[in-house]
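The entries follow the order in which I looked things up.

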Amino acid sequence: RVRKNLARVFIVHPSAYTRAVTLFLRQFTSSKLKSKITEVYNWESLQSDINKEDIALPDTSKDYITKTFSTIKVNSKGKNQKRLIKFTTDSLLNIDPRTKRVQNEKKLSQFEKIEVP
């Protein structure tokens with residue numbers, strides 16, 4: 001019954017292990033089920049199939065956004081902090097340059113104005 005109700009399955013940023021398991025399992029499934037499984041290597045390409053408001057990206061997928069901007073953030077105590085900034089389709093990611101991990105995410109709708117000197 002699940003197969004009949006299942007419209008599509010998207011595997012985003014599949015690892016080599018995930019691709020191998022998927023390839024192995026496809027040998028034992030029907031052609032209809034095979035056609036419903038899609039591997040996506042770029043999360044932005046999901047927007048052609050899914051509304052961008054409905055896509056909830058985990059932090060690990062946000063690491064695959066390649067364009068970054070180096071900037072200096074001034075914290076609440078007035079101290080300068082080096083940061084990397086990445087833009088998604090609807091948010092701004094604040095990234096620690098040492099660990100390369102997302103520190104926080106702000107929705108673009110929360111900003112009144114963004115200026116670039």
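**Aromatic pairs and overall make-up**

I began with F87 and found that it counts as partly exposed, at 36% relative accessibility. The model I consulted is a predicted one.

I then looked up F69, which is partly exposed as well, with a relative accessible area of 39%.

I turned to the phenylalanines F24 and F28. For F24 I noted a relative accessible area of 47%, hence partly exposed.

In one of them, the ring centres of F24 and F28 are 5.1 Å apart and the planes stand at 70°, so I recorded the pair as edge-to-face.

The rings of F69 and F87 also pair: their centres are 6.0 Å apart with the planes at 70°, so this pair is edge-to-face too. I placed F69 in strand 3 (residues 69–74) and F87 in strand 4 (residues 80–87), so the pair ties together parts 18 residues apart in sequence.

I listed 4 helices and 6 strands, and from the N terminus the elements run α-β-α-α-β-α-β-β-β-β. Of the 117 residues, 24% count as buried. The protein exposes about 9,200 Å², of which carbon and sulfur atoms supply 53%. Among contacts between residues at least 6 apart in sequence, I noted that 37% join residues at least 24 apart.

Technical notes. Residues numbered from 1 in each chain as written. Predicted model: local features only at pLDDT ≥ 70, side-chain atom pairs only at ≥ 80, totals over all residues. Heavy atoms only, no water. Helix = DSSP H or I, 4+ residues; strand = E, 2+ residues; numbered from the N terminus. Buried < 20%, exposed > 50% of the residue type's maximum accessible area, 1.4 Å probe, protein only. Contact = heavy atoms within 4.5 Å. Areas by Shrake-Rupley, 256 points an atom, 1.4 Å probe, with all protein chains shown as cover. Phe/Tyr/Trp six-rings, centres within 6.5 Å; stacked < 30°, edge-to-face > 60°.
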